[in-house]
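Please keep the coordinates open while reading.

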Amino acid sequence: AKAEGRNDYQFYAGSMGTNAMDSLKLEGALRRALERNEFLLHYQPQVDIRSGAVVGVEALLRWQPQGKEMVSPADFIPIAEETGLIVPIGEWVLATACAQHKAWRDAGLPPIRIGVNLSARQFQRQDLAKRVARLLEEMDCTPDCLALEITESDVMQNPEAAVEILRQLHAMGMHLAIDDFGTGYSSLSYLKRFPIDCLKIDRSFVRDITSDADDAMIVNSVIALAHSMKLSVIAEGVETAQQLDFLSDHGCDQMQGYYFSKPVPADQIAKLLQAVKPE
Ligand code: C2E
Ligand code: CA
Ligand code: CA
Ligand code: CA
């Protein structure tokens, strides 16, 4: 966790020209952001490639400081992880996603899973499954309302502990996805032992699938590997019809990307689901 977080932070600090003073300010601002309710979630549809139906959404965190422009998670999650603030922020994300799921259900919309990103810091807590279970109950949700997204590097920091936590979550009925698949170092033998349901192929592999033979081969191999392990596959960052055609031809299950929709506020997702609501 440490090595990864530190890299992110240095990248952040370097790219933004941030010094220690700025990061202190940012930390304070993030702390206040929770109290002031400045966070919100946008949702990006996940589409079944065969049927074209929206089968899920991914919740993506946004920060809207008063009177300022919206801040991208790439610009504040590294600091939130570094300071541990990602733990309370992450709980807010889980609670808000559950509340949204209930609101959509109460509105009579078809139930779809909401994907929630977990950070390594949250994942390192031994009581994660218990906390999630309590939260689901409080928010009147069943575990199948959520899909938890965890990166390879997060689980590979301590694979033995990860297997145990994933088992607990999976036993509860939670859907589990490995995020950014292919970018971390993953051991195939561990992959076999993780009780996961889905691999999300990182955007960096999808970008050039129609022009780069290596990327095309990697994506095909990941799809084949996933299917041989009875896992489903979501391609991230699909932006063009050509990419979609390629993925469709090669048996990818779901796609997520600007080609279908950018992440949008909850009311726009409601409209999208309303359109497919059974009579
Ligand atoms: P991620 O989990 O890999 O999320 C996908 C990112 O790709 C999102 O960026 C999304 O807006 C972007 N994206 C989706 N489709 C396309 C596309 O077609 N083209 C391009 N160029 N980009 C696309 P976003 O929302 O800026 O989030 C960035 C990262 O921040 C996420 O990457 C995730 O690692 C992290 N993050 C977001 N929300 C949370 C959260 O609630 N908790 C934690 N721990 N991390 C979060
Ligand atoms: Ca994700
Ligand atoms: Ca991802
Ligand atoms: Ca990513």
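## A helix with one buried face

In helix H12, the residues Gln 243, Leu 244, Phe 246 and Leu 247 are buried, where buried means under 20% relative accessible area, exposed over 50% and partly exposed in between, with a 1.4 Å probe and protein chains only. Seen down the axis of H12, these buried residues fall within an arc of 160°, so they line one face of the helix; the arc is that of the directions from the helix axis to the C-beta atoms. Helices (H or I, at least four residues) and strands (E, at least two) are DSSP runs, numbered from the N terminus.

The cover over the buried residues of H12 includes helix H10 (203-206), helix H11 (213-228), strand S7 and strand S8 (254-255). Just after H12, Gly 251 takes a positive phi of about 80°.

## Basis of the values

This is a predicted model, in which local features need pLDDT of at least 70 and side-chain atom pairs count only at pLDDT 80 or more, while totals for chains, interfaces and linings use all residues. Residues are numbered from 1 along each chain as its sequence is written, chains are lettered from A and ligands numbered from 1 in the order in which they are written, and side-chain values use heavy atoms, with hydrogens and water left out.

Donors are N, O and S atoms within 2.8 Å of the metal (3.2 Å for Na, K and Ca), and water is not among the atoms, so sites may look incomplete. Asp 179 bridges this ion and the calcium ion (ligand 3), the two lying 3.8 Å apart. Distant parts of the chain are linked by the pair Glu 149, in strand S4 (residues 146-151), and Asp 179, in strand S5 (residues 175-181), which are 30 residues apart. Glu 149 is buried at 3% relative accessibility, and Asp 179 is buried at 6%.

Asp 180 lies in strand S5 and Glu 236 in the loop between strand S7 (232-235) and helix H12 (241-249), so the pair ties together parts that are 56 residues apart in sequence. Asp 180 is partly exposed, with a relative accessible area of 24%, whereas Glu 236 is buried at 11%.

## Two helix pairs

The axes of helix H6 (residues 128-138) and helix H8 (residues 159-172) come within 9 Å and cross at roughly 25°; H6 and H8 are therefore roughly parallel to each other. Axes are lines fitted to C-alpha atoms, for helices over the stretch in contact, and angles run from 0 to 180 degrees between N-to-C directions. Angles under 35 degrees count as roughly parallel, over 145 as roughly antiparallel, 65 to 115 as roughly perpendicular and the rest as oblique. Contact (heavy atoms within 4.5 Å) is made by Leu 128, Ala 129, Val 132, Ala 133 and Leu 136 of H6 with Ile 165, Gln 168, Leu 169 and Met 172 of H8.

Helix H2 (residues 20-35) and helix H3 (residues 73-83) pack at an angle of about 85°, their axes being 10 Å apart, and are therefore roughly perpendicular to each other.
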